[in-house]
Amino acid sequence: MSTAHTLETGGQVATAPVRHFISTGDHPRAVLDAIVDRAIANAGARSTALAGLSVAMLFFNSSLRTRSSFEVGIAQLGGHSTTLEVGAGVWNLETIDGAVMDADKPEHIVDAARVLSRYFDAICVRSFPKLKSLEDDLADPVISALRDHATVPVINLESCLWHPCQAMADVMTIRQRFGRTDGVKVALAWTPHIKALPTAVPNSFALAAAQFGCELTIVAPEGYDLPEAVTAQLGGATVSHDQSLLSDQDVVYAKSWGRLDRYGEPPADTLRDWILTPEKLGDAVFMHCMPLRRNVEATDAVLESPNNAAYDEAENRLHVQKEILVELIG
Ligand code: CP
């Protein structure tokens with residue numbers, strides 16, 4: 001179902017489609033490029049672009065960067081944010097269509113979407129996959145319900161499938177380091193982890209890298225594939241199991257994710273020899289969305305190296321998200 005909001009135009013009521021920010025793939029490169037351009041030009045600036053506007057931030061999961069950077073960014077634009085932690089002072093939300101709600105979840109996401117739309121000018125939401133059923137998670141139920149039932153823009157703060165705000169900050173970081181994205185040699189490098197992590201970050205990074213013309217190589221152990229729904233959108237990306245390719249890259253984007261064929265299961269083999277070290281990286285710029293498990297995913301030496309751009313990425317979340325908000329509701 002598509003949603004629309006009404007515009008009062010001289011006594012006439014017209015409808016305009018609501019613009020969401022759920023995946024970078026929903027937007028043409030020209031729009032994304034313009035957002036990154038403005039984020040670089042306006043970094044650190046304060047404005048009144050969101051004066052009088054309010055943004056709901058619905059969190060089903062924990063966050064350090066996303067919550068902080070959105071709250072601060074909205075304040076820097078003169079707007080108001082309300083952070084709602086589902087199940088912690090906010091009703092626990094049912095997300096299954098047609099559920100008989102006789103258990104521990106007193107409100108349905110459909111009703112929450114409709115009610116929040118009456119108060120707020122945009123709804124931001126973080127809802128990770130449950131990692132029980134790949135099929136269920138590929139449907140991305142929470143963000144899909146909000147997209148279908150909210151009547152204001154929905155911004156994805158990391159869903160089962162996508163983390164587009166992170167990817168925009170990543171692209172901005174590559175632009176800052178290299179002055180361009182086209183032709184930059186970028187490896188998405190799988191790293192070890194104690195848990196089977198979701199694929200939203202690597203999905204969105206790989207997609208954005210392809211959209212922005214990077215030369216993308218995915219370097220991961222055998223069996224660690226990204227969902228076909230994502231790889232189908234990546235054009236000519238190379239896939240390799242050879243870590244020696246990393247030192248030949250301009251950028252190594254480190255991230256762990258779980259096997260899709262053993263969905264949600266803790267890794268049987270920890271593959272600790274996939275940890276990133278300065279020797280593997282050579283002169284490549286190191287990127288990571290954070291949080292990062294030091295000395296599991298990458299060594300302390302990588303984090304303390306001048307080639308580490310992970311803190312720039314975290315800062316750029318603030319700058320680029322402000323421009324996404326202005327684009328959608330400013
Ligand atoms: N990278 C990122 O989204 O960080 P948080 O999980 O801390 O928000």
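Trainee: How much space lies in the second largest pocket?
Mentor: This is a predicted model: local features need pLDDT of at least 70 and side-chain atom pairs 80 or more, while totals for chains, interfaces and linings use all residues. Residues are numbered from 1 along each chain as its sequence is written, and side-chain values use heavy atoms, without hydrogens or water. A pocket is an open set of points on a 1 Å grid over the protein atoms alone, where a 1.4 Å probe fits and protein lies on both sides within 12 Å along at least five of seven lines. With points joined across faces, edges and corners, and volume taken as the space filled by probe spheres set on them, the second largest pocket holds about 430 Å³.

Trainee: Which residues lie closest to the centre of the second largest pocket?
Mentor: Its lining (residues with an atom within 4 Å of a point) is made up of 20 residues. The closest to the centre are Thr95, Phe128, Lys130, Pro141 and Val142.

Trainee: What is the volume of the largest pocket?
Mentor: The largest pocket is lined by 26 residues. Phe128, Leu197, Lys255, Met290 and Pro291 lie nearest its centre. The volume is about 620 Å³.
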